[in-house]
Amino acid sequence: MSIIYVFDLAGTFVFAISGILTATRNRLDWFGGLVIALVTAVGGGTLRDMMIGSTPVGWMQDGNYLIVILAGSLVAYFFRGAVRRLRRTMFLFDSIGIGLFTILGLTKTLEAGLSIPVAVLMGVVSAVFGGVVRDTLCNTVPLIFRKEIYATACLAGGTLYVSLTYFGVVENVAIVSTVVFIILLRIFAVRFHWSLPALDGSRATADDVVS
Amino acid sequence: MSIIYVFDLAGTFVFAISGILTATRNRLDWFGGLVIALVTAVGGGTLRDMMIGSTPVGWMQDGNYLIVILAGSLVAYFFRGAVRRLRRTMFLFDSIGIGLFTILGLTKTLEAGLSIPVAVLMGVVSAVFGGVVRDTLCNTVPLIFRKEIYATACLAGGTLYVSLTYFGVVENVAIVSTVVFIILLRIFAVRFHWSLPALDGSRATADDVVS
Amino acid sequence: MSIIYVFDLAGTFVFAISGILTATRNRLDWFGGLVIALVTAVGGGTLRDMMIGSTPVGWMQDGNYLIVILAGSLVAYFFRGAVRRLRRTMFLFDSIGIGLFTILGLTKTLEAGLSIPVAVLMGVVSAVFGGVVRDTLCNTVPLIFRKEIYATACLAGGTLYVSLTYFGVVENVAIVSTVVFIILLRIFAVRFHWSLPALDGSRATADDVVS
């Protein structure tokens, strides 16, 4: 689990940055910004842990998460300009983040003895719920409901990961494959304007969802 | 509990349909629609189970809930026109749904050793919280706060159920009586424009809350 | 813990009043008002207890909380005019409320074996989350993100309390000092228009946050 742990912290770091950027756009002060950074970074894992009954929730038992969130917030604040220019890098990190969070949530749910479909679902929840709360607090329709390839990529990635491990693929290979798959899926979605059809028959456009 | 279980799945089915209809009106894509269907159907039970400490939450341990939600979503999608024309049927099903969810939440809370007022409250939470989250995610003031006879009917129904069982009425009779009572209460509320007085003295109008 | 318990009920009472006042402004009916009163008063403690795994959550196991919330709601409803004229008194009570809720949340988290930074954070969550949900349900950007000295005062107060107890100050003295500190901090913030700088460089103004 050591590699996953490192990537988990990396994902937390990137989500904290994403939170600060959103808070800046909403003209919050730095305290509100820290709250949004925290919520974006740990929201998904918190809901997952509460639902599967793994309490106190994970990040509360490991000080590194708060440190990483603080570090990500400082980076986002002091290098605002650079972070915005680095949109592609952010997009990449964010994709790695949701990929790892999906796998982490999935694994933890399976370990709690729950079924594979529920585990995939909890993987998606782990990856996207923080962003949903961030958007709800900032009073916009959550991004996940507008630029849909985001959560769909987690769902597809989670399914891939389950399939790979089912067929005996080594864990680290399965992890890397899943993350690469999610990154490619999102890049293609943006490049070729992929989007899911709206329920009422109209079409939305997929865009870069970072920043 | 067998009859309750069947009705619980029926309620889940109806709430999934209601979620898809709301998502369609909000022009979400099918993934967002499935998320809203899931949240509407299991949101109340999830919060209740997390609060009373019954984790992993119920629907995660029984695959039938996900299957029923998927089925309800497909029905809502493919028979959109019919579902809308069947408003009265939907209203009936929805009333059965909240009636059963109220009783289920109430019973489960009592079994956790908590008091009767808390159990009635958790019954209401089980019945209406899914809809509250649905409306919050879709960025409208939750229906429950506008068309109030909805949650009030759950409160009245829960109180009736507790009274009936207290006086020794057979469980199945108490269940049916409560559900019929809630249905009648809502029909009368719509028919005669019942509504609770607003806190500031003005009056709101009760309408059909389904779809 | 007896003094804390009394103040906890007092804080619950004040938050219920604050919930009813918000609901009145949003033209909800009395049922919606009771829901908002309940959520404002117990929301923070509920999330805290679910996160640290202390379930069933506290207020569900002690009927006094529901009674106090009902009493606060009745007072807010029948003495609406007076309550509004008593803005200063409300401000005072509200400050006492968040002070006590901060300390309570902090203590309970430490007792669950978690670290001091997490405990301070959970103290803030206990104090302000109810208000965040209240504002989200009423569809406004949460006050906490606009009038920021509010939550910052909890953070500062929690840090003070931890420091005082660390240096061996008697519990009751530490409690009173913390609450007085939070009250003064908020009074000064309003009086001298203190606010934290916005992330984008602009400045917001701190105002009276009660009512």
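## Confidence along the chain

Chain A as a whole averages a pLDDT of 82, with 87% of its residues scoring at least 70.

One stretch asks for care: over residues 204-211 of chain A, pLDDT stays under 50, and the model has 31 contacts for them beyond four places in sequence. A contact means that the C-beta atoms of two residues, placed from the backbone, lie within 7 Å. Where pLDDT is low, the predicted coordinates should not be read in detail. For the complex, the predictor gives an ipTM of 0.81 and a pTM of 0.86.

## How the copies are arranged

Which surfaces do the copies use to meet? They meet through different surfaces, because only 8% of the interface residues of chain A are also interface residues in chain C.

## H2 against H3 in chain A

Helix H2 (residues 30-52) of chain A packs on H3(A) at an angle of about 125°, the axes being 10 Å apart. Axes are lines fitted to C-alpha atoms, for helices over the stretch in contact, and angles run from 0 to 180 degrees between N-to-C directions. H2(A) and H3(A) are therefore oblique to each other (under 35 degrees is roughly parallel, over 145 roughly antiparallel, 65 to 115 roughly perpendicular and the rest oblique).

The contact includes A:Gly33, A:Leu34 and A:Ala37 of H2(A), and A:Tyr65 and A:Ile69 of H3(A). Its residues divide into seven nonpolar, three polar and no charged; Ala, Val, Leu, Ile, Met, Phe, Trp, Tyr, Cys and Pro count as nonpolar, Asp, Glu, Lys and Arg as charged, and the others, Gly among them, as polar.

## Reading notes

Residues are numbered from 1 along each chain as its sequence is written, while chains are lettered from A and ligands numbered from 1 in the order in which they are written. This is a predicted model, in which local features need pLDDT of at least 70 and side-chain atom pairs count only at pLDDT 80 or more, whereas totals for chains, interfaces and linings use all residues.

How values were computed. pLDDT = per-residue confidence, 0-100. Helix = DSSP H or I, 4+ residues; strand = E, 2+ residues; numbered from the N terminus.
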